[in-house]
Amino acid sequence: MYVVALAGSPSPTSRSLKLAEQAKALLAEQQIDTLLVSIYDFPAEDLLYARFDSPAIKNLRSLVANAAGVVIATPIYKAAYSGALKALLDLLPEDALANKPTLPLASGGTPAHLLALDYALKPVLTTLKARDIQQGVFAIDKHIGSDDDGAIRLEPELDERLRAAVSRFAASLKALHPSRPLAHELRNRLVAGAISL
């Protein structure tokens with residue numbers, strides 16, 4: 001079993017990407033592998049022109065189809081998730097999130113964007129047939145940073161909320177897949193060449 005984390009920020013220094021990276025690290029502590037996929041992994045033309053037949057998009061659909069769960073990370077702009085993320089989600093099948101616990105993560109400049117998770121992102125996830133949408137985590141940008149060595153640093157309260165959310169997410173995954181191994185499957189499939197990005 002593995003999890004796919006989709007990072008939908010158009011910025012390479014995105015704080016929402018750091019949230020996804022931290023969630024990946026926390027899942028690893030629970031012996032759950034995560035494949036972090038960014039919109040930068042796709043040619044812009046594939047997203048802009050909705051090229052469903054693009055090899056990169058076909059591979060993403062395969063990765064998501066075989067994932068046990070999905071993490072969605074996005075910045076919030078003008079009370080909505082990023083347009084780049086929407087372009088990527090539009091290329092997934094209509095039932096892409098069926099039977100998959102889904103954990104939304106978002107960052108924004110002020111607490112005024114807090115409700116964007118519920119009123120903007122969750123309806124899209126529901127359209128993709130997500131039924132087990134976990135309680136998401138919204139972070140104010142200034143509460144996410146990096147140490148001098150590049151390690152991700154979260155404010156203590158945010159760190160606590162993210163840890164709790166990831167723990168609930170992991171529990172949902174384990175409840176759905178109690179007898180399946182939780183670690184190393186993704187790595188083994190990558191080494192065997194069964195999946196690629």
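Ala, Val, Leu, Ile, Met, Phe, Trp, Tyr, Cys and Pro count here as nonpolar, Asp, Glu, Lys and Arg as charged, and the others, Gly among them, as polar. With that division, the lining of the largest cavity comprises 4 nonpolar, 4 polar and no charged residues. The structure is a predicted model.

**Packing of α1 and α6**

- Two packed helices are described by the angle between their axes and the distance between the axes.
- Helix α1 spans residues 15–29 and helix α6 spans residues 156–176; their axes come within 10 Å and cross at roughly 55 degrees.
- That angle makes α1 oblique to α6.
- The α1 and α6 crossing is right-handed.
- On the α1 side, the contact involves L19, Q22, A23, L26, L27 and E29, while α6 contributes L158, D159, L162, R163, V166, F169 and A170.
- By class, the residues of this contact between α1 and α6 comprise 9 nonpolar, 1 polar and 3 charged.

**The largest pocket**

- Its volume is about 190 Å³.
- The lining of the largest pocket consists of L114, L117, D118, K122, Q135, G136, V137, F138, R161, A164, A165 and R168.
- At least two lining residues of the largest pocket come from each of α5 (116–127), β6 (137–140) and α6.
- Helix α6 provides the largest share of that lining, with 4 residues.
- In the lining of the largest pocket, 6 residues are nonpolar, 2 are polar and 4 are charged.

**The largest cavity**

- Rolling a probe the size of a water molecule over the atoms shows where empty space is left.
- The count of cavities of 30 Å³ or more comes to 1.
- The volume of the largest cavity is about 40 Å³.
- The residues that line the largest cavity are A7, S9, S11, P12, S14, L17, S38 and Y40.

Key. Residues numbered from 1 in each chain as written. Predicted model: local features only at pLDDT ≥ 70, side-chain atom pairs only at ≥ 80, totals over all residues. Heavy atoms only, no water. Axes fitted to C-alpha atoms, helices over the stretch in contact; angles between N-to-C directions. Parallel < 35°, antiparallel > 145°, perpendicular 65-115°, else oblique. Left-handed = near helix turned anticlockwise from the far one by under 90°. Contact = heavy atoms within 4.5 Å. 1 Å grid on protein atoms, 1.4 Å probe; cavity = no way out; pocket = protein on both sides within 12 Å on 5 of 7 lines; lining within 4 Å. Points joined across faces, edges and corners; volume = space filled by probe spheres on them.
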